[in-house]
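Thanks, everyone. I'll take a few minutes on one model. Please have the view open while I talk.

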Protein chains: 2
Amino acid sequence: MEKVRIGIVGYGNIGKGTQKAVQTAPDMELVGIFTRRDPKSLNITDSSVPVYSIHDADNMRDKIDVMILCGGSSTDLFEQGSHFAANFNIVDSFDIHAKIPEYLDNVNASIKNTTAVISSGWDPGLFSMMRLMTESILPDGATYTFWGHGVSQGHSFAIRNIDGVADAVQYTVPIDKAVEAVRSGEMPVFEARDKHLRRCFVVAEEGADLALIEHQIKTMPNYFADYDTTVNFITADELKKDHSTMPHGGMVMHSGTTGENKHIMEFSLKLDSNPEFTASVLVACARACYKMYKKNDFGAKTVFDIPLAYLSFKDYNSLVKELL
Amino acid sequence: MEKVRIGIVGYGNIGKGTQKAVQTAPDMELVGIFTRRDPKSLNITDSSVPVYSIHDADNMRDKIDVMILCGGSSTDLFEQGSHFAANFNIVDSFDIHAKIPEYLDNVNASIKNTTAVISSGWDPGLFSMMRLMTESILPDGATYTFWGHGVSQGHSFAIRNIDGVADAVQYTVPIDKAVEAVRSGEMPVFEARDKHLRRCFVVAEEGADLALIEHQIKTMPNYFADYDTTVNFITADELKKDHSTMPHGGMVMHSGTTGENKHIMEFSLKLDSNPEFTASVLVACARACYKMYKKNDFGAKTVFDIPLAYLSFKDYNSLVKELL
């Protein structure tokens with residue numbers, strides 16, 4: 001079997017998860033990790049994997065079939081996507097929903113004869129696929145997305161930016177009553193605070209004004225003001241012991257009707273490790289990206305463009321026999 | 001908007017559901033129903049819909065973009081699929097899993113420049129898509145399909161064939177303990193009887209030997225012998241009152257790992273009307289079939305070949321903006 005040769009740009013949590021997923025995929029070969037740091041300084045979990053400077057990437061375009069971009073959406077991807085897509089097939093997890101159309105256009109504009117799958121992962125990504133499939137099947141209906149129980153990096157970061165906060169973790173928690181209301185088929189209309197709670201675990205700096213921190217969190221626009229938020233002050237040791245894993249999950253629910261008959265479709269995820277699962281989706285999408293490229297299907301794509309068979313390393317006849 | 005012109009072959013429960021779904025789709029036009037019966041005898045729910053003899057279909061190929069075949073798998077589709085695919089784009093719900101590869105080959109062989117999407121619906125169909133997506137994302141894992149709580153037509157029919165049985169309905173019921181075991185991430189290995197119960201409601205003929213009927217049901221190979229089966233004798237009136245709707249549902253669960261971390265993906269359906277939901281999937285697939293045809297993507301396809309955007313009547317930019 002010809003193996004798909006993969007490069008990874010960025011070695012944070014998603015980069016590490018991607019390394020693991022590529023190394024266990026039977027149809028893939030990991031060419032190397034590309035980093036902005038000094039390659040020698042990278043503390044890589046498998047010393048047999050070559051590490052390169054990100055500046056060497058463009059000279060290696062004939063050695064890599066798909067480059068998986070594992071940087072952060074707010075800091076890296078918006079620029080990196082267009083840059084790398086000019087020379088490589090790429091896959092990324094760009095997840096700033098409001099900016100996706102612009103990003104898609106930018107990446108598309110930089111492509112001549114490569115293929116990019118942007119904004120994959122689980123939301124956007126797998127959850128987007130569920131929203132699309134379920135709405136297309138039952139257009140007379142309503143779709144609901146719930147996130148959690150899990151850590152929101154963006155919200156945790158927003159708390160850490162407050163004066164007097166040493167560290168913080170924020171959990172997004174779906175409200176059971178809301179989930180049950182959707183499940184009942186009644187198609188409720190929700191405010192933000194009806195669907196999710198925000199639970200914050202905060203390590204304050206010595207002598208900080210706890211009441212002020214709590215007030216600043218609870219009234220923070222966009223992030224917390226529209227939600228019922230709880231703030232728990234804990235020690236750095238407690239944070240490390242009880243809140244250092246990265247579980248996440250959520251669900252997409254679609255409640256629809258065919259005339260007088262009601263139907264509920266529900267997709268849920270329960271993940272021990274958000275970054276490792278995200279990486280697993282990226283790797284399946286990298287496989288699909290390369291198959292589209294091989295069919296001369298060039299340009300900037302999303303998960304909405306992928307024939308599902310392309311996600312698998314199995315041949316089509318096996319898929320039909322085993323899974324259809 | 002150019003409307004997709006749809007023909008429906010067969011007017012059983014799925015045909016009726018398809019009529020309803022096509023009539024509410026904003027991008028479709030129902031050209032007519034095609035039947036083997038005398039067209040005048042068809043008791044159609046909307047008298048404005050033209051009814052034709054199935055023998056007139058081949059003369060109408062320039063009036064129909066996609067023909068949705070709504071006959072039964074065991075009786076009609078195996079022959080009808082190849083016949084209609086030679087002249088029309090077709091969609092069907094052929095659901096005899098063991099025969100799908102052969103059927104796919106047959107339909108493919110009869111196609112010159114049309115497109116067929118076979119074996120759509122929810123299983124095979126939507127559930128197949130879930131099995132493929134989840135296994136591709138976490139190949140180190142196990143996939144489980146549960147059906148029910150719902151009526152199995154095949155099992156009900158098998159009971160009705162027993163001497164002394166006037167009528168019968170069989171419910172397939174997933175066993176909660178098995179579902180919970182999968183949800184726990186332990187990846188259990190099941191026998192058939194561990195996953196599903198079979199609950200039978202039987203109307204016996206006057207003077208029939210009830211003990212013998214019960215014995216014949218419970219020992220019937222393939223259908224019941226491998227399951228824990230309950231048999232309840234009821235009156236024809238009770239059957240009509242309590243068991244004449246066609247609810248169904250089920251779930252696809254995938255339990256997988258990335259090294260030491262566990263993840264569970266779960267997709268479930270809860271359907272008031274099995275045939276109406278199946279029809280809704282067929283109609284979305286008919287839309288996708290026509291889009292593939294317009295791109296000269298001819299041949300016999302399955303749900304594994306469909307880029308998900310093709311299922312929707314919305315334009316691509318709206319999908320990216322609203323659903324990604």
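Start just after helix H10 of chain B, where Asn296(B) takes a positive phi of about 60°. Before I go on, the ground rules. This is a predicted model, where local features need pLDDT of at least 70, side-chain atom pairs count only at pLDDT 80 or more, and totals for chains, interfaces and linings use all residues. Residues are numbered from 1 along each chain as its sequence is written, chains are lettered from A and ligands numbered from 1 in the order in which they are written, and side-chain values use heavy atoms, with hydrogens and water left out.

Now the helix itself. Helices here are DSSP runs of H or I with at least four residues, strands are E runs of at least two, and both are numbered from the N terminus. H10(B) covers residues 274–294, 21 residues in all. From first C-alpha to last, H10(B) reaches 31 Å, close to the expected 30 Å. That expected span is 1.5 Å times one less than the number of residues.

Is H10(B) mostly covered or mostly open? Mostly covered: 18 of its 21 residues are buried. Buried means under 20% relative accessible area, exposed over 50%, partly exposed in between, with a 1.4 Å probe and protein chains only. At the start of the helix, a side-chain oxygen of Ser273(B) comes to within 3.1 Å of the backbone nitrogen of Glu276(B).

Next, Asp65(B). Asp65(B) lies in the loop between strand E3 (51–53) and strand E4 (66–69) of chain B. Why does Asp65(B) count as buried? Because its relative accessibility is 6%. Leaving out residues up to four places away in sequence, Asp65(B) touches Lys3(B), Val4(B), Arg5(B), Asn89(B) and Tyr290(B). Touching means contact: heavy atoms within 4.5 Å.

Last, the interface. How many residues of chain B are in contact with chain A? 62, and they meet 62 residues of chain A. The two chains bury about 5,200 Å² between them, 66% of it on carbon and sulfur atoms. Buried area is the accessible area (1.4 Å probe) that two parts lose on being put together, summed over both. In chain B, Phe304(B), Leu323(B) and Leu324(B) lose the most area to chain A, together 15% of what that side buries.

Then the charges. Four salt bridges are counted between chain B and chain A. A salt bridge puts a side-chain nitrogen of Lys or Arg within 4 Å of a carboxyl oxygen of Asp or Glu. Lys314(B) and Glu135(A) meet in a salt bridge, 3.0 Å from N to O.

Methods:
Polar contact = N/O pair within 3.5 Å; in protein donor to acceptor, adjacent residues only side chain to side chain.
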